[in-house]
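Good morning. Please look at the model on the screen.

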Amino acid sequence: MIKFLDLQKINLVHQQEIEEKLIQVFRSGWYLLGNEVKNFETSLVNYVGSPHAIGVANGLDALRLIFRAYLEIEQLKEGDEVIVPANTYIASILAVTDNRLKPVFAEPEIRNYNLNISKIEALITPKTKAIMVVHLYGQVCWSQELETLAKKYNLKIIEDNAQSIGAEWNGIKSGNLGDAAGFSFYPGKNLGALGDSGAVTCKDSLLAKTIRTLANYGSQEKYVNEFQGLNSRLDEIQAAVLDIKMKYIDSENDRRRDIAEKYISNITNSKIILPLLPTASKEHVWHLFVIRTDKRDELQKYLLENRVQTLIHYPIPPHKQKAYTYYNHLSFPVTELIHNEVLSLPISPVMDIDEVQRVIKMVNEF
Ligand SMILES: *Cc1c(COP(=O)(O)O)cnc(C)c1O
């Protein structure tokens with residue numbers, strides 16, 4: 001069986017380094033708010049190029065905390081509108097609604113599944129205060145036009161960078177394009193921990209300080225609480241593992257790019273719509289390799305019968321989920337078409353050439 005993602009193999013590549021570090025942190029007796037987190041935050045700042053990085057418990061919290069901090073420092077207020085992509089994982093939307101902000105959904109571009117930036121301006125009202133971009137599947141969602149729009153209407157740009165660590169636009173890393181960004185280090189992400197974890201990067205120091213405080217019970221000084229905060233800390237063990245794996249992220253992303261190029265050059269089945277290679281290869285880190293076909297369910301079944309695991313990202317868009325009954329009446333045809341037709345093929349830094357060739361062969365034979 002070619003697994004969709006072989007997490008065991010991905011982590012065993014770094015077995016010795018990780019196991020030695022795990023023993024060291026275990027024996028140190030220091031498990032939270034220590035040097036491992038500090039070191040990893042410094043590595044993230046150096047890598048992404050943003051002035052601030054704050055380790056948090058997971059990717060959803062990273063995004064929730066950005067909005068929550070903007071509310072606390074009164075740069076956003078309850079009921080403000082945030083333009084969000086309709087085509088995304090639900091976490092992006094949850095971060096907005098959890099803070100009693102109003103998501104205003106925008107359709108994606110069918111050619112790359114990312115937010116269609118030319119559709120944003122028509123959605124802006126006096127209540128619009130922010131745009132959330134999601135670099136979906138690992139591809140940067142950014143343009144000069146977006147920057148101009150944000151300046152013209154004085155909008156904050158928040159990046160959901162959960163799928164795209166290492167991607168670049170014009171030499172700037174994702175996570176350092178907007179005002180603030182949320183990262184996820186869920187085990188299956190391109191930089192994955194051994195459990196849940198996440199981080200925020202941002203440009204403004206007051207925002208950074210507020211997020212750090214909010215994530216620690218709203219407290220900077222023990223037992224003194226400035227905010228009704230939460231407990232959303234990155235722990236020492238996860239930070240130590242992430243700091244090791246961080247050294248390999250560029251070479252692992254390059255390996256994903258190689259596989260994506262092989263798929264794109266060699267999958268020739270006319271029933272399949274392939275993703276496009278971006279004009280600059282660094283704009284994509286291929287967290288997912290997503291193809292599209294109106295025979296999606298048959299293809300998935302055929303591949304499984306031929307021992308190739310695939311997944312669907314995602315089967316139901318956020319506005320059609322039971323969790324959001326009050327948005328169920330909305331209609332976003334491009335988003336809905338994508339959800340009906342997409343299928344993700346296996347891609348990872350540890351897939352070998354035989355596996356890649358077998359996936360190509362089976363997709364072509366369908
Ligand atoms: C994974 C993911 C998240 C949430 O990250 P968690 O660490 O699982 O909370 C948010 N947005 C997108 C686009 C994701 O893929």
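Which residues form one aromatic cluster? They are Phe105, Tyr324, Tyr326, Tyr327 and Phe332. Before I go on, this is a predicted model, where local features need pLDDT of at least 70 and side-chain atom pairs count only at pLDDT 80 or more, while totals for chains, interfaces and linings use all residues. Residues are numbered from 1 along each chain as its sequence is written, and side-chain values use heavy atoms, with hydrogens and water left out.

Rings of Phe, Tyr and Trp (its six-membered ring) pair if their centres lie within 6.5 Å; planes under 30 degrees apart are stacked, over 60 edge-to-face, and the rest tilted. That rule gives 12 aromatic pairs. Take Tyr324 and Tyr326: their ring centres are 6.0 Å apart and their planes stand at 90°, so this pair is edge-to-face. Tyr324 is buried, at 3% relative accessible area, and Tyr326 is partly exposed, at 49%. Buried is under 20%, exposed over 50%, and partly exposed in between, with a 1.4 Å probe and protein chains only.

A cavity is a set of points on a 1 Å grid over the protein atoms alone, where a 1.4 Å probe fits but cannot get out; lining residues have an atom within 4 Å of a point. Points are joined across faces, edges and corners, and the volume is the space filled by probe spheres set on them. There is one cavity of 30 Å³ or more. The largest cavity holds about 40 Å³, and its lining includes Leu5, Ile10, Lys189 and Arg256.

Key
1 Å grid on protein atoms, 1.4 Å probe; cavity = no way out; pocket = protein on both sides within 12 Å on 5 of 7 lines; lining within 4 Å.
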